[in-house]
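Here is a short briefing to read alongside the structure viewer.

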Amino acid sequence: MPRQLGYDCQNLAMVMTRDCATARQNVLRDATRAIYDAVYPGQEWAPVGFEEAERCETVHYRNALAAARHASMLLSDTGDGRLL
């Protein structure tokens, strides 16, 4: 008789999908922050830091996010918008 593993494949797939989605979100956030910090290096360029810009979804943050998404698409193997 096969040994029971204590989880089922459907739940495991859901957890793995959620973990992959979280990892992709973290990569996208890191890329967005890098672009934000490079393009808007100080208060003379952007009125607030990255965390505040992200929280308020400022135009500066939205531009950095769009750039990160575009870069991700260009750098991915498939070119279909998935993160690296």
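**Helix α3 and what lies around it**

Helix α3 is built from 17 residues and spans 24 Å between its first and last C-alpha, close to the 24 Å expected at 1.5 Å a residue. Seen down the axis of α3, the buried residues fall within an arc of 130°, so they line one face of the helix. Please keep in mind that this is a predicted model.

**The buried face of α3**

- The buried residues in α3 are His-60, Tyr-61, Ala-64, Leu-65, Ala-68 and Ser-72.
- Leaving aside residues up to four places away in sequence, Leu-65 is in contact with Leu-28 and Thr-32.

**The nonpolar core**

- The largest nonpolar core has 10 residues in all: Leu-28, Tyr-36, Tyr-40, Ala-46, Phe-50, Ala-53, Tyr-61, Ala-64, Leu-65 and Ala-68.
- Helices α1, α2 and α3 (59-75) are the elements that each supply two or more residues to this core.
- Which of them gives the largest share? That is α3, with four residues.

**Thr-32, a buried residue of α1**

- Thr-32 sits in helix α1.
- Its relative accessible area is 1%, and because buried means under 20%, Thr-32 counts as buried.
- Beyond residues up to four places away in sequence, Thr-32 touches Phe-50, Tyr-61, Ala-64, Leu-65 and Ala-68.

**Aromatic rings**

- How many aromatic pairs does a search of the whole structure find? The search turns up three.
- Tyr-36, Tyr-40, Phe-50 and Tyr-61 are linked by ring pairs into a cluster.

- Side chains of opposite charge can pair when their charged atoms come close.
- There are four salt bridges in the structure.
- One of them joins the side chains of Asp-37 and Arg-33, at 3.6 Å from N to O.
- Both Asp-37 and Arg-33 belong to helix α1 (residues 9-39), where they are four residues apart, about one turn of the helix.
- Arg-33 also forms a salt bridge with Glu-51, whose closest N and O atoms are 2.4 Å apart.
- This pair links distant parts of the chain, with Glu-51 in helix α2 (residues 50-56) and Arg-33 in helix α1, 18 residues apart.

- Glu-52 and Arg-55 form another salt bridge, their closest N and O atoms lying 2.8 Å apart.
- Both residues are in helix α2, three residues apart, about one turn of the helix.
- Glu-52 is partly exposed, with 32% relative accessibility, whereas Arg-55 is exposed, at 61%.
- Looking across the salt bridges, those that share partners join Arg-33, Asp-37 and Glu-51 into one network.

Definitions and conventions. Residues are numbered from 1 along each chain as its sequence is written. This is a predicted model: local features need pLDDT of at least 70, side-chain atom pairs count only at pLDDT 80 or more; totals for chains, interfaces and linings use all residues. Side-chain values use heavy atoms; hydrogens and water are left out. Rings of Phe, Tyr and Trp (its six-membered ring) pair if their centres lie within 6.5 Å; planes under 30 degrees apart count as stacked, over 60 as edge-to-face and the rest as tilted. Buried means under 20% relative accessible area, exposed over 50%, partly exposed in between (1.4 Å probe, protein chains only). A nonpolar core is a set of buried Ala, Val, Leu, Ile, Met, Phe, Trp, Tyr and Cys residues joined through side-chain atoms within 4.5 Å. Contact means heavy atoms within 4.5 Å. The expected span of a helix is 1.5 Å times one less than its number of residues. The arc is that of the directions from the helix axis to the C-beta atoms.
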